[in-house]
Amino acid sequence: MAQLKTLPGFRVFYPDDFSKLQFIIRKWRQSAVVYGFQEYDAPVLEPLDLYKAKSGSEIEGQLFNFTDKGGREVTLRPEMTPSVTRMVGERANSLKKPIKWVNIGENFRYERQQKGRLRSFYQLNADIYGEAGAEAEVELIAFLVESLCCFGLSEEDFYIRLSDRDLWVYYLTSKDISLEAAQDILSVVDKMERDSEEESLKKLQKILGEGSVETLYSELKKMTQIRSLEELEAFFADRSGNGGGSTALKERLADWQKLLGGLDAMGLSSFVQVDLGVVRGLAYYTGFVFEAFDRKGKFRALAGGGRYNHLVKKLGGPDLPAVGFGMGDVVLHELLVDRGLMPEMVSSPDIYVIVGGEEERKSALKDIFNLRQAGYRIEYSLKEMAFAKQFKQAAQSGAKITLIYGAEELEKGVVKMRDMAGREEVELPLSRLFESIRDFFSG
Ligand code: HAM
């Protein structure tokens, strides 16, 4: 019955796995509240056109798209950015700026299933609309750091590679390369870390046609190896003649200073690394871009994002600057397990109720119901069982106390309470059961 199995790249979550996913989601949500991001949601099924030519050819090839029964071309969302950008665009005039929004939701990409990459995954998306300055990047990257540190990860576990598509485009167009070809070259740079030199040269040749591409390749390679603001300044100074570059270049380098200065002031310098090797595969990015990786280089990217100042307008809204990032649950989970930071999720009851027989069950059920109403987590055996077996289950459940509803006790108007840590037993009058339980848990 092979056709009844779950589809490749999709997960089922048994309670143990589900509680781990919820642990991740809970921590993300708590961090988002502290950083002042508001939560929103959008549909998982969207019109195909929302992604065509906006997200880029890589994602277009990974869409779970189909024609619905009404003849509409639709797709499961591969990412949140177009949906949230359309939402913001629709109400841009009435929303208070800057708009800081967050979502945690499922996304779907028809990718080749591999370590760290599935066809369905959860993503934390955080975006800031309405702020053009690098202050927005500082705020967002600080949140990105927090949404990893909240799990106990530190700068020894992960870092964020910072890059800039503006500078890349500035450099390429200064070499008389058209804007369109520059975008295509950035896709080559995006894959340069994984591709061989021959492969990259072949791709460049295809974009630029006639003429040698070897010099360009070695220039691109040099740029991908830049690791500090000083090296960045030196790279452009060497290539700009005596004037030290255009006003646009100077302004951009000043933006870099603002970004790195802001992160430094927040005490986050040790988490970031200038690295022009990152350019991002998605088509809508316009300025600073960044990706988070584990320090040991064992895993795929943990998170990625950047500025996308033209997308609100492209999707029918006003001109509104935007910057954001997405972080998936899959690689994060792998990293947390690797570092011993994924806790075992045990959900123990507060109270295990032991029931003598069917007669006693009635009194027990009444109290169980009422104690649950008061917020205590309670477990008990659903069927009649020997005392010894119930005691064993109580011990296994991890409950803090057991309440014993035996015939003898009930006749005396009491129940026995056993403190599972100290093992001592006391009799509690049924008339004062609630007060006694409350005293135990508050004491
Ligand atoms: P992305 O780089 O495509 O960016 O994805 C961000 C993160 O989502 C990745 O670093 C990875 O952790 C996770 N992810 C992506 N694809 C998969 C997959 N197939 N399986 C498991 N995890 C995956 C975006 O999606 C942008 N929309 C982020 C963004 C928000 N940019 C601006 N705002």
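Colleague: Before we get into details, what domains does the assignment give for the protein chain?

Modeller: Keeping in mind that this is a predicted model, the domain assignment of the protein chain gives domain 1, covering 15-338, and domain 2, covering 351-442.

Colleague: And how far apart are the C-alpha centres of domain 1 and domain 2?

Modeller: Those two C-alpha centres are separated by 55 Å.

Colleague: What does an oxygen atom of the ligand find in the side chain of Arg 109, and at what distance?

Modeller: In the side chain of Arg 109, an N or O atom is 2.9 Å from an oxygen atom of the ligand. Backbone atoms take part as well: a polar backbone atom of Leu 302 is 3.0 Å from a ligand oxygen, and for a polar backbone atom of Ala 301 the distance to a ligand oxygen is 3.3 Å.

Colleague: How much of the ligand does the protein bury?

Modeller: The ligand taken alone exposes 660 Å², and 96% of that is buried by the protein.

Colleague: Switching to aromatics, how many aromatic pairs does the structure hold?

Modeller: The structure holds 22 aromatic pairs. One of them is formed by Phe 440 and Phe 441, whose ring centres are 5.2 Å apart and whose planes stand at 85 degrees.

Colleague: Why is the pair of Phe 440 and Phe 441 edge-to-face?

Modeller: The planes of Phe 440 and Phe 441 are at 85 degrees, so the pair is edge-to-face, given that planes over 60 degrees apart are put in that class.

Colleague: How accessible are Phe 440 and Phe 441?

Modeller: Phe 440 has a relative accessible area of 25% and is partly exposed, and Phe 441 also counts as partly exposed, at 28% relative accessibility.

Colleague: Which residues do ring pairs link into a cluster?

Modeller: Ring pairs link a cluster made of Phe 10, Phe 64, Phe 108 and Tyr 110. Elsewhere, Arg 252 lies over the face of Phe 288, and the distance to the ring centre is 4.0 Å.

Colleague: Now Glu 46: buried or exposed?

Modeller: Glu 46, which lies in strand E2 (residues 45-47), has a relative accessible area of 3%, and therefore counts as buried, the limit for that class being under 20%.

Colleague: What does the side chain of Glu 46 make a polar contact with?

Modeller: The side chain of Glu 46 makes a polar contact with the side chain of Arg 86, at 2.8 Å.

Colleague: Backbone next. Which peptide bond is cis?

Modeller: The peptide bond from Lys 97 to Pro 98 is cis, with omega near -10 degrees, and Pro 98 is found in the loop between helix H3 (81-91) and strand E5 (99-108).

Colleague: Where is Asp 176 found, and what is its phi?

Modeller: Asp 176 is in the loop between helix H5 (165-174) and helix H6 (179-192), and its phi is positive, about 65 degrees, although Asp 176 is not a glycine. Asp 176 is exposed, with a relative accessible area of 75%.

Colleague: And Arg 280, buried or exposed?

Modeller: Arg 280 is buried, with a relative accessible area of 12%. This residue, too, has a positive phi without being a glycine, at about 75 degrees, and Arg 280 lies in the loop between strand E8 (272-274) and strand E9 (288-294).

Colleague: Last topic: how far apart are Gly 316 and Gly 89 in sequence and in space?

Modeller: Gly 316 and Gly 89 are 227 residues apart in sequence, while their C-alpha atoms are 6.9 Å apart in space. Gly 316 is placed in the loop between helix H11 (311-314) and E11, and Gly 316 is exposed, with a relative accessible area of 68%.

Notes: Residues are numbered from 1 along each chain as its sequence is written. This is a predicted model: local features need pLDDT of at least 70, side-chain atom pairs count only at pLDDT 80 or more; totals for chains, interfaces and linings use all residues. Side-chain values use heavy atoms; hydrogens and water are left out. Domain bounds come from an automatic or database domain assignment. Rings of Phe, Tyr and Trp (its six-membered ring) pair if their centres lie within 6.5 Å; planes under 30 degrees apart count as stacked, over 60 as edge-to-face and the rest as tilted. Buried means under 20% relative accessible area, exposed over 50%, partly exposed in between (1.4 Å probe, protein chains only). A charge sits over a ring if NZ of Lys or CZ of Arg is within 6 Å of the ring centre and within 35 degrees of the ring normal. A polar contact is a pair of N or O atoms within 3.5 Å; within protein, one must be able to donate a hydrogen and the other to accept it, and residues adjacent in sequence count only if both atoms are side-chain atoms. Accessible areas come from the Shrake-Rupley method with a 1.4 Å probe; for residues, only the protein chains shown count as cover. Helices (H or I, at least four residues) and strands (E, at least two) are DSSP runs, numbered from the N terminus.
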